[in-house]
Amino acid sequence: MTRRDVVIVGGGVVGSATAWRLARRGVDVVLLERFEAEHVRGSSHGASRGFRLAHPRAGYVRLAQHAFALWRQLEGECGQELLTTTGGVDHGDAAALRAVASALSSRRVPYAVLPAAQARYRWPGLRFESPVLYQPDAGRLHADRCVAALRRLAVERGAEVRYRTPVRHVGVDGDDRAVVRTDAEVIRARRVVVTAGPWVPDLIGGVVRLPDLVVTQDQPAHFAPADDSAAWPSFLHHVGTGEPSGGARAAYGLLTPGEGLKVGLARGGVRADPDLRTFLPDARLATELRDYVRGWVPGVEATSGRHLSCVSTSTPANDFVLDRAGPIVVGSACSGRGFTFAPAAAEVLADLATGSARTPPRFRLPYARSPLASHIADEAFKTY
Ligand SMILES: Cc1cc2nc3c(=O)[nH]c(=O)nc-3n(C[C@H](O)[C@H](O)[C@H](O)COP(=O)(O)OP(=O)(O)OC[C@H]3O[C@@H](n4cnc5c(N)ncnc54)[C@H](O)[C@@H]3O)c2cc1C
């Protein structure tokens, strides 16, 4: 039996960022990761993730602003470029764009609305049929590099990171006492931060009451640009009904240098078991993606798609779960946009784990009164 102050279960981007934030505060923390360092079975692997300040709710814009500052801080500490600014565009459904514009305005984030013709001239690789919202701070996070930097800096600040260490059981032994069992040992800790991505329900669903978490297998693809010198913003197309997307809510994309233009369809709802998935692209979804690209991304070769496989975890309202029940803190930063927010979500989780003064009051409920069923809401971000 060993004793630690905080154990983190799961070393994706959220767990690794939480280790960094806790280690910076001088907390005794160990991160346990089930697989090897560069595994591809979760949600955080790969060369790129889009970063956006543009969200339809002001609370998320605020949290993204906080994340932006923390990504820049991480870059300063590790001496590497992690977030490349490319600018980003939203287009499509007018109501969705109005919500994004209103949320950006309320946070005084700069943006411009361009006529479709001007956007087509500026970014000829994309098709625009309606006004376009341009936000200049959007960009590309170098995903693998980010996760490696987070872990390295966490270790430099005193955290311990163990790979190939699956946690078999997490238990509660009082308000400030949790028990974590691996194959080799039993660890007692004041707090356990569970950031196990799609494995969260399996691991602690029987210990705390979780919201419904839907795990899906997503399959974006890299497409070869016709012109290597073309400028590509990251983009989010709020797809309207009747458009060629096979029923997806939105299409997203960004350039991954050396790999092509990554394009994916956000669908939601097709459940997958993270331990049983095949990693093979579903033929029907591949056809839908190819048809979307053929219709809306004229600057790439639609038949050149090379598919990626990644799991996504979502709540019904597309919110994050950042909450505490007694000694168990849960960080499930979900819904296809969790990478952007990871360091800010980690700061919330670090607050929950340490109970610092900046913890929003709703997260300070003692174990008996906190069923861990609430999703984070806008007002919870006020202190960030
Ligand atoms: C196709 C796709 C595209 C995306 N694009 C974007 C984007 O453009 N922008 C954006 O912001 N976000 C994007 N996201 C979302 C983002 O990548 C995820 O929200 C984020 O990576 C989630 O990280 P995580 O740390 O919560 O989970 P994970 O990365 O899944 O990490 C969980 C970790 O826990 C470990 N683990 C599980 N069980 C145990 C156990 N019992 N013991 C020890 N370890 C355990 C796993 O091995 C894993 O390493 C995308 C996601 C997908 C799938």
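Predicted model: local features only at pLDDT ≥ 70, side-chain atom pairs only at ≥ 80, totals over all residues.

Let me start with a question: is Cys 78 buried or exposed? Cys 78 is buried, with a relative accessible area of 15%.

Staying with the cysteines, how many disulfides does the structure hold? The structure holds zero disulfides. Cys 78 is in none, and the nearest cysteine sulfur, that of Cys 146, is 8.3 Å away.

I turn now to the ligand. Which residues are the closest to the ligand? Among the 36 residues that surround the ligand, the closest are Glu 33, His 39, Ser 44, Cys 310 and Thr 340. Two of these names return when we look at the polar atoms. An N or O atom in the side chain of His 39 is 2.7 Å from an oxygen atom of the ligand. For Thr 340, it is a backbone N or O atom that lies 2.7 Å from a ligand oxygen. Val 13 also presents a polar backbone atom, at 3.2 Å from an oxygen atom of the ligand. As for the surface, the ligand taken alone exposes 1000 Å², and the protein buries 95% of that.

Which elements give two or more residues to the shell around the ligand? They are helix H1, residues 13-24; strand S3, 49-51; strand S19, 310-314; and helix H8, 338-354. The most comes from H8, which gives three residues. By class, the shell comprises 17 nonpolar, 14 polar and five charged residues. In terms of domains, at least three shell residues come from each of domain 1 (2-44 + 144-210 + 317-383) and domain 2 (88-136 + 215-314).

Arg 21 is found in H1, and Arg 21 is buried, with a relative accessible area of 7%. The side chain of Arg 21 is joined to that of Gln 73 by a polar contact of 2.7 Å.

Next, helix H2, which covers residues 58-78 and holds Ala 58. Ala 58 is partly exposed, at a relative accessible area of 30%. In sequence, Ala 58 and Ala 101 are 43 residues apart, while their C-alpha atoms are 9.9 Å apart in space.

Finally, the backbone. Most residues other than glycine have a negative phi. Arg 164 is exposed, with a relative accessible area of 62%. Phe 279 is not a glycine either, and has a positive phi of about 70°. Phe 279 is placed in the loop between strand S17 (260-266) and helix H7 (283-296). Phe 279 counts as partly exposed, at 34% relative accessibility.

Thank you for your attention.

Conventions: Residues numbered from 1 in each chain as written. Heavy atoms only, no water. Disulfide = S-S within 2.5 Å. Buried < 20%, exposed > 50% of the residue type's maximum accessible area, 1.4 Å probe, protein only. Near = heavy atom within 4 Å. Polar contact = N/O pair within 3.5 Å; in protein donor to acceptor, adjacent residues only side chain to side chain. Areas by Shrake-Rupley, 256 points an atom, 1.4 Å probe, with all protein chains shown as cover. Helix = DSSP H or I, 4+ residues; strand = E, 2+ residues; numbered from the N terminus. Nonpolar A, V, L, I, M, F, W, Y, C, P; charged D, E, K, R; others polar. Domains from an automatic or database assignment.
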